[in-house]
Amino acid sequence: MDQLKTILSRIDGRGYKAYKDIQGRYDFQRFRLFVDYVQGDPFASPSRIRVQIPQSIARYPEEWFKEPHRRVALEDWICRVWAQKTRRFSGGSGTGKSGLIAVDIPGQEILSRTAVVVNRRFVEVRITVGLPARGRQVLGQKAIEMLCRHLPQLVEEGIPIQQLDTQAIEKRMCLVDNQQAIRKKLAKEGWISFVADGAILPRESGISDRPLKTASVVPFYAPESMATTIEVPHGKPLRGMVVSRGITLIVGGGFHGKSTLLQALERGVYDHIAEDGREYVLTIDTALKVRSEDGRRVEKVNISPFINNLPFGKDTLRFSTEDASGSTSQATNIIEGIEAGANALLIDEDTSATNFMIRDRRMQQLVAKGKEPITPFIDKVRQLYEEKGISSILVLGGSGDYFDVADSVMMMDEYQVVDVTDKAKRIAQENVMERVVEGGDSFGEGSKRIPLAKGFDPSKGRKEKVDAKGLKTIFFGNSSLDLSGLEQLVDPSQTRSLAELLRMMSKRVDGEKNLVMLLDELYKEIDEKGLDILSPFQGHPGDFALPRKLEVAGAINRLRTLWVK
Ligand code: ADP
Ligand code: MG
């Protein structure tokens, strides 16, 4: 520490670049400080440092981090503690980012992230700081205060076990053990989702992912016919609704909570924190929300199961476009999803192309099949399940034609689920659907594309450019990538990961391996070596959180430059 003070005193008042002198490692009394990267000026992206405190001082019991799901939950916990504590010290006078002390801030999900590392040897927190300046001059004394006073204080308050709310951490461990147990049960039974009684599904607002907390909130309650009870390792068994394999419809009047239920299922691919309301809403990891996304680019996707005979003889076995329509984009999203390994598709009428979802009797009579390139989803959804084992959960308030193809129909009635499967089947029998089934004998082939290196060029001028901006944009080489079609992408740190994963992919595509093989390879490596390998930097890797393979595939597929064999 004295060494750091000496340097900071020496460079006080000098040009900002002098801060580079503090790069390195410092031993404090109770922890190690690594200054991995020093920003070039007070306005540039902040400096990256790490504090590492040995387990001899932290003293975390090993059962907190031995199993991966517990370790992730613990790291997330520590991250939240720091996100809160750093706020108190952050800021202060000076130019640009002077005085900033921050760690990555998690949302409602518990994700694997790089911000905190806990292992047998140490606890490490990855922090960004804005080294203090006046104009572009080093404020050495302020820096000393920040790094040699505030930082040790933060470490003392935020890491040793004596300072932590161990009861709350134990509770978190119980929560994630239970979540894990339910996920195992889903896998074992082949279920898609579980929604526990008492879950709070609606969110505070369209821009807030926190639970709605008004008096009028209706907690979830499973109808008896769809309910099951799952044993969990901690506490009483949980009763709730199972969404089974096959085709499930969510119907009901407008504003009765259909989309809210589907969105909760969508997000159930992640574990949520306690009091989120969705902590016991769990969905298999391979469930993919699919929407229409007009304007997106498509690169040689076989959308022929859904679209044929396009005007001007345009190929749909290897369909490409710079500007997809509502229906072609939705077909593409489904085929690409299947290609990437999706086992369940989640579709909402609100974000679907109507002509992709339905084509009724009257329209069939008016517009002959030969003149309609689209085979609607209703004629493919069963084949998709029976031939490929891919389930669908569909929100549909407007078309009873789907009663014929559904295995299960739930109705939202004033935010409550009612099992109306039998009723819907009876209605379907009494009102025979006169429409002609257009789906043909089988679903057809999907895509198994092999990306080529020339489509993965991150260079811009003489430099490489790979950058994430917010949640839904990535700049890759000369092009910008719009990810707003990926509705299960939830955290900007995941988006940063996607950007780096694209960069890594650019070094691995070889014209031999298909997309899935490339993804599997990358994830295996992350699994073995940890999330830090995403980073091009040594030491503090930057703030990353793990996205699913499906989102990585989604990002690749939306590259404006993607080129496949
Ligand atoms: P739908 O898709 O059936 O038209 P939404 O899911 O969009 O309906 O829900 C309509 C409104 O009702 C939303 O503002 C949502 O926040 C609210 N809502 C949904 N579920 C509940 C619930 N369980 N309790 C209270 N409000 C809810
Ligand atoms: Mg809706």
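Q: What should I know about the model and the numbering before we start?
A: The model is predicted, so local features need pLDDT of at least 70 and side-chain atom pairs count only at pLDDT 80 or more, while totals for chains, interfaces and linings use all residues. Residues are numbered from 1 along each chain as its sequence is written, chains are lettered from A and ligands numbered from 1 in the order in which they are written, and side-chain values use heavy atoms, with hydrogens and water left out.

Q: OK, the metal. What coordinates the magnesium ion, ligand 2?
A: Ser259 (OG) and Asp350 (OD), at 2.1 to 2.3 Å. Donors here are N, O and S atoms within 2.8 Å of the metal (3.2 Å for Na, K and Ca); water is not among the atoms, so sites may look incomplete.

Q: Where in the chain do serine 259 and aspartate 350 sit?
A: Serine 259 is in helix H6 (residues 258–267) and aspartate 350 is in the loop between E21 and helix H8 (354–357), 91 residues apart. Helices (H or I, at least four residues) and strands (E, at least two) are DSSP runs, numbered from the N terminus.

Q: Is each one buried or exposed?
A: Serine 259 is buried, at a relative accessible area of 16%, whereas aspartate 350 is exposed, at 57%. Buried means under 20% relative accessible area, exposed over 50%, and partly exposed in between (1.4 Å probe, protein chains only).

Q: Now ligand 1. Which residues come nearest?
A: Val218, Phe255, Lys258, Ser259 and Thr260, out of 13 residues around ligand 1. To be near, a residue needs one of its heavy atoms within 4 Å.

Q: Which protein atoms lie by its oxygen atoms?
A: A polar side-chain atom of lysine 258 is 2.9 Å from an oxygen atom of ligand 1. For tyrosine 415, a side-chain N or O atom is at 3.1 Å, and for histidine 256 a backbone N or O atom is at 3.2 Å.

Q: How much of ligand 1 does the protein bury?
A: The protein buries 79% of the 560 Å² that ligand 1 exposes when taken alone. Areas come from the Shrake-Rupley method with a 1.4 Å probe; for residues, only the protein chains shown count as cover.

Q: How many residues of H14 are buried?
A: Eight of the nine in helix H14 (residues 549–557). Their cover includes H7, helix H12 (492–508) and helix H13 (515–529).

Q: Last one: which residues of H10 are buried?
A: Val381, Gln383 and Leu384, in helix H10 (residues 381–388). Seen down the axis, the buried residues of H10 fall within an arc of 165°, so they line one face of the helix; the arc is that of the directions from the helix axis to the C-beta atoms.

Methods: Polar contact = N/O pair within 3.5 Å; in protein donor to acceptor, adjacent residues only side chain to side chain. Contact = heavy atoms within 4.5 Å.
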